[in-house]
Amino acid sequence: MAAGPVNWSAANLESGVVNFLIYLGFGLFLIVPVVRAMRRTAQRERSALAAAAKANLSTEGPKAQHPRIDISSCIGCGACTVVCPEGDVLAVIAGKAAIVNGPRCIGHGLCANACPVGAIEIVMAPPSLSADLPALSPEFESSVPGLFVVGELGGLALIKNAVNQGRDCVDTVSQRLNRGPRDSEVVDVAIVGAGPGGLSASLRAIEKKLSYVTFEQGELGGTVAQYPRQKLVLTSPVEFPMHGKFRKLELSKEDLLKFWQQIARDSGLKVNAHERIDEIARGADGLFTLRSLKGSYLARTVVLALGRRGSPRKLGVPGEDLPKVMYSLIDAEAYTGKRILIVGGGDSAVEAAMGLAVQRGNRVVLSYRQSAFGRIKERNAKRLEECRRSGSIEILLESQVREIQSRTVILEARGERRELENDFVWIFAGGTPPDEFLRRVGIQLGPRDLTSEAAAEALRVA
């Protein structure tokens with residue numbers, strides 16, 4: 001049978017057009033949000049990759065603790081990227097969380113807590129990336145039996161980590177010690193450093209009724225005591241020996257030091273302040289001899305809580321030995337009406353510059369040898385840009401100090417020589433880590449698998 005003719009009436013045509021437009025509109029309604037979401041994702045990825053490129057991190061991984069992301073579980077929600085206090089450590093790339101600025105990570109662990117599916121855990125960097133760190137057992141014991149390393153010196157930043165490790169390694173010491181009669185001239189544990197790790201170890205020794213001696217080359221508080229005035233110290237709830245749970249999440253350096261001083265007074269803690277240990281040697285009898293310019297000490301075990309900064313790194317330029325040159329800033333309010341040069345590109349340099357810039361009458365110049373500040377906290381980067389725009393800080397990128405004179409400083413900035421009138425110079429070029437001291441003590445540095453029970457037991461019975 002032949003098909004009948006199609007009735008292409010005006011009404012049918014109009015109805016078809018209307019239906020087509022409805023379907024087209026519905027399709028666009030569904031597609032446009034998807035396209036916009038794809039554009040936002042692409043923009044986030046470009047920003048994350050740009051941040052990594054800016055910091056020159058494309059081939060460099062985290063140096064110590066950092067988040068490990070289970071890609072198969074990650075749902076790409078981005079919660080981990082929002083809570084990190086250190087800036088662009090994490091980003092969502094191709095729908096999955098990724099590390100784009102590993103060296104900024106200091107192990108807060110907030111990303112792991114924020115992940116709704118448990119796809120993140122905080123782990124240590126692989127041995128190939130921690131070759132300049134002491135090889136430690138799970139009990140924080142070094143390759144020298146009876147000698148423990150805690151805190152930043154062992155590769156873990158954060159006050160919380162140092163406190164926990166100092167407490168735990170003294171627990172290990174207490175479990176191992178023979179409780180019989182002991183020589184009164186030999187202390188159970190010698191603690192080198194009175195920062196958070198050393199203080200925690202010392203307080204735990206008092207709690208466990210161990211004999212101890214604690215040394216600090218500076219003041220009680222260690223590296224924290226050298227922070228700039230009012231620098232905020234971010235921490236998390238932590239168990240302090242002889243105090244209990246400390247729950248403040250944000251406080252100033254001064255408040256933290258007052259808290260430690262109060263604990264020291266209440267516990268009767270004694271610290272040999274301004275005494276630097278220059279030599280540690282383990283004898284054939286297993287006892288340690290520690291020597292300083294003030295004396296010699298014997299100990300059954302040793303806890304090193306020195307920090308990683310070590311001695312300040314110098315520029316090696318003429319005039320650097322002048323009295324106006326300094327390497328740490330304690331009280332910015334003590335300097336007013338001065339012409340100041342800050343040298344460095346890290347958080348310490350930037351924070352010092354901003355702290356001095358707000359003091360009455362100061363003229364502050366910040367010199368950095370690189371073309372951009374790639375590794376400072378996001379909040380510092382924003383504040384520094386505000387200071388630059390307001391003119392309170394002059395920033396000289398791609399610049400280097402050539403000579404320091406009594407009244408001026410000579411720099412080379414992008415190929416041009418500049419001479420600045422100057423009253424004070426602060427240099428924040430990092431520090432020389434105590435690696436040579438560790439090697440003299442006999443501590444092995446570099447990659448080594450000490451995570452198995454057999455390896456840990458080998459250390460204990462060596």
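Two strands count as paired if DSSP finds at least two bridges between them. The points below apply that criterion to a predicted model.

1. Strand β7 and its partner β12. Strand β7 is joined to strand β12 (residues 272-273) by two bridges, and the two run parallel. Within this pairing, E216 has A273 of β12 as its bridge partner.

2. Strand β7 and its partner β6. β7 also pairs with strand β6 (residues 186-192), in the parallel sense and over four bridges. One of the facing positions is I191, which stands opposite T214 in β7.

3. Burial of β7. Of the five residues in strand β7 (residues 212-216), four are buried, so the strand is largely enclosed by the rest of the structure. F215 is buried, with a relative accessible area of 1%.

4. Aromatic pairs. There are five aromatic pairs in the structure. One of them joins F215 and Y297, with 4.8 Å centre to centre and 70 degrees between the planes, an edge-to-face arrangement. The two residues are 82 residues apart and link distant parts of the chain, F215 being in strand β7 and Y297 in strand β15 (residues 295-304). Y297 is partly exposed at a relative accessible area of 21%; the cut-off for buried is under 20%.

5. Planes under 30 degrees apart are what the stacked class requires. Both Y368 and F373 are buried. Elsewhere, Y335, F424 and W426 are linked into a cluster by ring pairs.

6. The five-strand sheet. An open sheet is formed by five strands in the order β17-β24-β18-β19-β20, with parallel pairing. The edge positions belong to β17 (325-326) and β20 (393-397); each has a single partner strand, so one side of each is left without a neighbour in the sheet. Inside the sheet, strand β18 (residues 339-343) and strand β19 (residues 363-368) run parallel and are joined by five bridges. In this pairing R339 stands opposite R363 in β19.

7. Helix α8 against the sheet. Helix α8 (residues 378-390) packs on this sheet and touches β19 and β20. The direction of α8 makes about 110 degrees with that of β20.

8. R389 and E385 meet through their side chains in a salt bridge of 3.0 Å, N to O. Both lie in helix α8, four residues apart, which is about one turn of the helix. R389 counts as exposed at 67% relative accessibility, whereas E385 is partly exposed with a relative accessible area of 27%.

9. A salt bridge between separate parts. The structure holds 16 salt bridges, among them one between the side chains of R176 and E141 (2.9 Å, N to O). R176 lies in helix α4 (residues 159-176) and E141 in the loop between β4 (120-123) and β5 (147-149), so the pair ties together parts that are 35 residues apart in sequence. E141 counts as buried at 1% relative accessibility, while R176 is partly exposed with a relative accessible area of 35%.

10. R204 counts as buried at 18% relative accessibility, under the 20% cut-off. E207, at 36%, counts as partly exposed. Both belong to a network of salt bridges that also includes D171.

Notes
Residues are numbered from 1 along each chain as its sequence is written. This is a predicted model: local features need pLDDT of at least 70, side-chain atom pairs count only at pLDDT 80 or more; totals for chains, interfaces and linings use all residues. Side-chain values use heavy atoms; hydrogens and water are left out. Buried means under 20% relative accessible area, exposed over 50%, partly exposed in between (1.4 Å probe, protein chains only). Rings of Phe, Tyr and Trp (its six-membered ring) pair if their centres lie within 6.5 Å; planes under 30 degrees apart count as stacked, over 60 as edge-to-face and the rest as tilted. Contact means heavy atoms within 4.5 Å. Axes are lines fitted to C-alpha atoms, for helices over the stretch in contact, and angles run from 0 to 180 degrees between N-to-C directions. A salt bridge is a side-chain nitrogen of Lys or Arg within 4 Å of a carboxyl oxygen of Asp or Glu.
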